[in-house]
Amino acid sequence: MNAITYAIIGLILGALLGFVVYQQKINRETESLARKTREKFKEAEEKAKEIILEAKEKAASILAEAQKEERERKTQIALMEERLLRREELLDQKLSQLTEKENSLKSFEEQLKKQEEELEKLKLEEEHRLEQLSGLSAEKAKEELISRIQEKNKEELKQILEKFYKEQREEVEKRALEVITTAIQRYARTNISEITTTVFPIESEDLKGKIIGKEGRNIRTIERLTGVELVIDETPDSILISSFDPYRRELASLALKKLIKDGRIQPAKIEEKVEEARQELDKRILELGESAAMDVGIYDLPRELIQILGKLHFRTSYGQNVLEHSIEVAHFAGMLAGELGLRVDIAKKAGLLHDIGKAIDHEVEGNHLELGIKLLRKYGIDEQVILAMQSHHDTYPYEIPEAYVVSAADAISAARPGARRDTLENYIKRLTDLEKIATSFPGVKQAYAISAGRELRVFVMPEKIDDFGALELARAIANRIQTELKYPGEIKVNVIRETRAVEYAR
């Protein structure tokens, strides 16, 4: 054998020896891993047994608790059933007692009826016996007795009756005076008479020039859209808004505030701000109506009627604000009705709504009372409220007691010192008549009486009236005013025809 052979044999033996050693190492590691696995498996089994035991104990505890609750519930149910049975027995006893009492009452009632019949029979027999003895029937005896008493005491009876009527009248008048005085003393609202001008403050004199505009076009636009007259004189930091209509003055004031805040004062912007002011004023009118209804304590009026009620804030009657007057009448009527034991809710509601027709009498034909009745019926107001308010001008008969109360409350509110001014009402009526004459002509769009009635501005539809027609219209309106109205001095009729061309670039 040569050295190579020995080397190969050595390598093979070395490899076999290494394999045997490696195999023994693997076997040892496998046995160690198996031992660890058995230990972990044993630990897992022990933990599983502990968990199962703990779960069994919890389940037993929950079951015991549930059984305890069930026993308690059954005990409570048994007690309730026992109480119900006792109550049922008591009710049966009471029902039996009531039945016995009812039977005894019926028996007693029958006995009473029999006794009444016997008494009536005895009474008739006694009357018949007396008639036979006296030779007169019961009616004739009664008449003769009354006649003799009257003849004997005629003068004395007359004096007694006169004294009675006098005392009663004095007592009634005294009581009425106490009721009215109490109502007036309990009511503490102040009187505020409306005027025909509003002072609008401005921050600087420079704004006056902007409001007037180039060649006066801004001020003319404001006056045309709002129907007021703007007096811009040398009075510092203020502009005078003049109109007999409070709504127009408020509209112009709001529009001016918006224009000054915006800073851009020109005809297109004026139209935009006037429209915004008109929408804002409509919202304010609703708030005024809601405030008036809440002040009086009435919460079931329809929204449309509350809106119309709010318009009364911008109407006056002899200088007295109509909404304030309506609130006063409602309070007075409620207090009077309470003093007299009448229906306070009917009286209050009728008092608040008695002049509701004045909110639309300048828009719709008819007097304010008839218009008010139609409005209340349209919005489903109680007929008793309508009966209570329709008599406050003595146009309709007083059908229910509350009608007298509303009429008296209306008179109290109107007659309070300083509440009304006759001359102012006549002035406003003259201006209203001026505008009505102008708007009665065909083709007239708007008409405004300004300058305390010395000027009438009439805006016409340019597509219906040409320049020559405007001259004829001015003459016709002036002639009609001369014929129908009485007035001092002269009235200027100013007919304005404005043509505007509008096109859009798209």
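Q: What are the ground rules for the model?
A: The model is predicted, so local features need pLDDT of at least 70 and side-chain atom pairs count only at pLDDT 80 or more, while totals for chains, interfaces and linings use all residues. Residues are numbered from 1 along each chain as its sequence is written, and side-chain values use heavy atoms, with hydrogens and water left out.

Q: How do the axes of α6 and α7 cross?
A: The axes of α6 (residues 267–296) and α7 (residues 303–311) cross at roughly 100° and come within 7 Å. The two helices are therefore roughly perpendicular (65 to 115 degrees). Axes here are lines fitted to C-alpha atoms over the stretch in contact, with angles from 0 to 180 degrees between N-to-C directions; helices are DSSP runs of H or I, at least four residues, and strands are runs of E, at least two.

Q: Which residues make the contact?
A: Among them are Ile-285 and Leu-286 of α6 and Ile-306 and Leu-309 of α7, contact meaning heavy atoms within 4.5 Å.

Q: Changing topic, how many aromatic pairs are there?
A: A search of the whole structure finds three; ring centres must lie within 6.5 Å. One of them is Tyr-247 with Phe-314, edge-to-face at 5.7 Å centre to centre and 90° between the planes (edge-to-face is over 60 degrees).

Q: Is Phe-314 buried or exposed?
A: Phe-314 counts as buried, at 5% relative accessibility (buried is under 20%, exposed over 50%).

Q: What about Tyr-448 and Phe-459?
A: Their ring centres are 6.1 Å apart and their planes at 65°, so the pair is edge-to-face. Tyr-448 lies in strand β6 and Phe-459 in strand β7, and both residues are buried.

Technical notes
Parallel < 35°, antiparallel > 145°, perpendicular 65-115°, else oblique. Phe/Tyr/Trp six-rings, centres within 6.5 Å; stacked < 30°, edge-to-face > 60°. Buried < 20%, exposed > 50% of the residue type's maximum accessible area, 1.4 Å probe, protein only.
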